Amino acid sequence: MGGSFRGRNALLIGVVLASYPALVGAALYPLPWVFVVLVPVSYAAELALPRRAAERLGRLQLAATPRFLMREMAAVLLLARTAGAESPWFALLAGGLFLFHWLRAVQSALATYLNRCHNLKPVDTRNIDVTFPPAPPETLVNWRGARLLYLDVLPVATAAFGALAGMDWLGAAGVGAALGLEITALFALYLHVVRAAPLADRRRVIASVDDEVRAYRPEVLLYFSGPADSAYQATMWLGTLERISSRVLVVLRERDLLTALGRTTLPVLCIPSAVDMMNFRGLDTARVALFASNVGNNIHMLRMPGVTSVFIGHGDSDKEASFNPFTKVYDEVWVAGPAGRDRYRRAQVGVRDEVVVEVGRPQLHGVRASGPGLPYPSVLYAPTWEGWTDDLFHTSVVAMGPTLVRKLLALGARVIYKPHPLTGHRSALAREAHAAIMRLLREAEPGAAAPPHLAVTGDEPHLYECFNQADLLISDISSVIADFLAGGKPYAVTNVAGLPAHEFRERYPTAAAAYLIGPDCGELPGVVSRVRPEEDVLAGARRELRAYLLGPDHPDALTRFDDAVTAAGALARAGAGDAGKSLATAGDEVA
């Protein structure tokens, strides 16, 4: 697949590059009918050119503007050869194209100003009653990175048809139409500039948002920072935080996260600047800050006095990320059940046992204990990703993913494939294996009685809905295992390294009640048969493991989580009160 993709790019680049001398040759000869054929081919290749390929052309001094200018020059040459350089239509076409690019320069200046206004707002929001002027549509500011360059298809195409039909005036009419559209776009951009003027006043923008946040008086902050593709780590907590008794505000640090974050009714505040973040007074009423990931930007929230910092993570698992030494910087660390507490005890990374709080997994309230009831087994294959380093390489996608899926298809199972969102992010081998799995599912034999396979590479359906559509989970060492256990159905774990079963289960406690699958997937037929209750010999072990991983059923996880939030807030208020008493006592002593 990678080779064919590169071959397609090379072909498109070749067509684009070859079209320029061909157009010039057809203009100079002149051969108007050849020119008419080449124009749509040239533009079609330009439209299909991927951004990365276009960037490579830019490094060869063939950025978008020079490429379009060459086509325009060829159209001017064609009219000069067919109508003559003394023709007024030739002069109008050439002069109109110069004016077209001058207006594009004005348009670029306005677009740059608007991008700066909208992209450099000190704060941005969702679900907060502050109205910012809307950003201009991408068509006006930078469609396909060409800033309205594609409007030149009007003079180029009409000049070509005019030369072919002997209607020399058509090119001038085409450039007039392009100028009219350009002027209309400039007027629309000017209106956006007028509306965006208040955004240039940083203090005014911050003050207006600050007033609204103060009026809301947030008690709990969900703080998150990271690239857009990590937004799922915060999104998984939104539904839970919408249902607790405290007022919650989501605080993001990167603008891309604002659109990447999932749907929520919670107010969302984005503050990119560390200085603005630390001086934003609307956050002062908060007494609890929840952190879903360990990143450097967390320091800006951790330094806020009077706030209990709580690491809630984005899933309990046996992976190294679930006992990161950085976690000891938080006042409290919340885990699902006793397994999370024991994990930190064993790791000895500096997280004290008394700061660990077991709150369950409140997100799992909708996970069902029954499968979809199909006439064939429904298997969810949900592997993890390759990790940032080889030490964190727990994914089965590379070593056994295609083989596993191929054997599941041969067994007549329905396959639901939901890879980790970051699969292939670091490893080319993981990307290739993922592509092979997708190809297997696409090419699976269709038929009225055949299982309808599903590849889930986006946000929908949600992982937990995939749980409900499965009789059996096959996964790697990840938080998916603990979450799936909420339903009590059988699960299998990939033993990629082929470790002895007792050693694997000892190293990874979440696999204690799992059926194991080695690198050759030889155990797969027997594992799939375990979906039948009479064959499921580990059902009792799963019930015990479920309580160990997720905690007790009563009180329910949402109640325990809500109580933990309330207790953390009380801890912060008590600490603030003690600090105030200490200051008062110190003052009395000085007096």
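Select helix H7 (residues 153-165) and helix H8 (residues 169-196): their axes come within 7 Å and cross at roughly 165 degrees. Axes here are lines fitted to C-alpha atoms, for helices over the stretch in contact, and angles run from 0 to 180 degrees between N-to-C directions. Helices (H or I, at least four residues) and strands (E, at least two) are DSSP runs, numbered from the N terminus.

The model is predicted; local features need pLDDT of at least 70, side-chain atom pairs count only at pLDDT 80 or more, and totals for chains, interfaces and linings use all residues. Residue numbers start from 1 along each chain as its sequence is written, and side-chain values use heavy atoms, with hydrogens and water left out.

**Stop 1: H7 against H8**

Stay on this pair. H7 and H8 are roughly antiparallel to each other. On the scale used, angles under 35 degrees count as roughly parallel, over 145 as roughly antiparallel, 65 to 115 as roughly perpendicular and the rest as oblique. The crossing of H7 past H8 is right-handed. That term applies if the near helix is turned clockwise from the far one by less than a right angle; anticlockwise makes a crossing left-handed.

Now show side chains. From H7, display Leu154, Pro155, Thr158, Ala159, Phe161 and Gly162; they meet Leu170, Gly171, Gly174, Val175, Ala177, Ala178 and Leu181 in H8. Contact means heavy atoms within 4.5 Å. The residues of this H7 contact with H8 divide into nine nonpolar, four polar and no charged. Ala, Val, Leu, Ile, Met, Phe, Trp, Tyr, Cys and Pro count as nonpolar, Asp, Glu, Lys and Arg as charged, and the others, Gly among them, as polar.

**Stop 2: H2 against H7**

The axes of H2 and H7 come within 8 Å and cross at roughly 160 degrees. H2 and H7 are likewise roughly antiparallel. H2 passes H7 in a left-handed crossing.

Pick Pro32, Trp33, Phe35, Val36, Val39 and Tyr43 in H2. They meet Val153, Val156, Ala160, Phe161, Ala163 and Leu164 in H7. By class, the contact of H2 with H7 has 12 nonpolar, no polar and no charged residues.

**Stop 3**

Go to leucine 17 in helix H1 (residues 2-28). Leucine 17 is partly exposed, at a relative accessible area of 32%. The cut-offs are under 20% for buried, over 50% for exposed and partly exposed in between (1.4 Å probe, protein chains only). Leaving aside neighbours within four places in sequence, leucine 17 is in contact with Leu57 and Leu62. Draw a distance to glutamate 46, 29 residues along the chain: the C-alpha atoms are separated by 9.9 Å.

The peptide bond to proline 30 from tyrosine 29 is cis, with omega near -10 degrees.

**Stop 4: two positive phi angles**

Select glutamine 61, in the loop between helix H3 (51-59) and helix H4 (64-83). Phi of glutamine 61 is near 65 degrees, a positive value in a residue other than glycine. Glutamine 61 is exposed, with a relative accessible area of 66%.

Jump to arginine 217, in the loop between helix H9 (202-216) and strand S2 (220-224). Phi of arginine 217 is positive too, at about 55 degrees. This arginine 217 is partly exposed, at 46%.

**Stop 5**

Valine 335 lies in strand S7 (residues 332-335). At 4% relative accessibility, valine 335 is buried. Beyond four places in sequence, valine 335 touches residues including Asp316, Tyr344, Val357 and Val359. Glycine 360 is 25 residues along the chain from valine 335, and their C-alpha atoms are separated by 6.8 Å.

Then take aspartate 483 in helix H18 (residues 479-484). Aspartate 483 is buried, with a relative accessible area of 4%. Not counting residues up to four places away in sequence, aspartate 483 touches Arg361, Leu364, Tyr464 and Phe467.

**Stop 6**

Find proline 555, in the loop between helix H21 (539-550) and helix H22 (557-590). A cis peptide bond joins histidine 554 and proline 555, with omega about -5 degrees.

**Last view: the chain**

Zoom out. The protein chain has 22 helices and 14 strands. The C-alpha trace spans about 90 × 80 × 40 Å along its principal axes. Buried residues make up 50% of the 591 residues.
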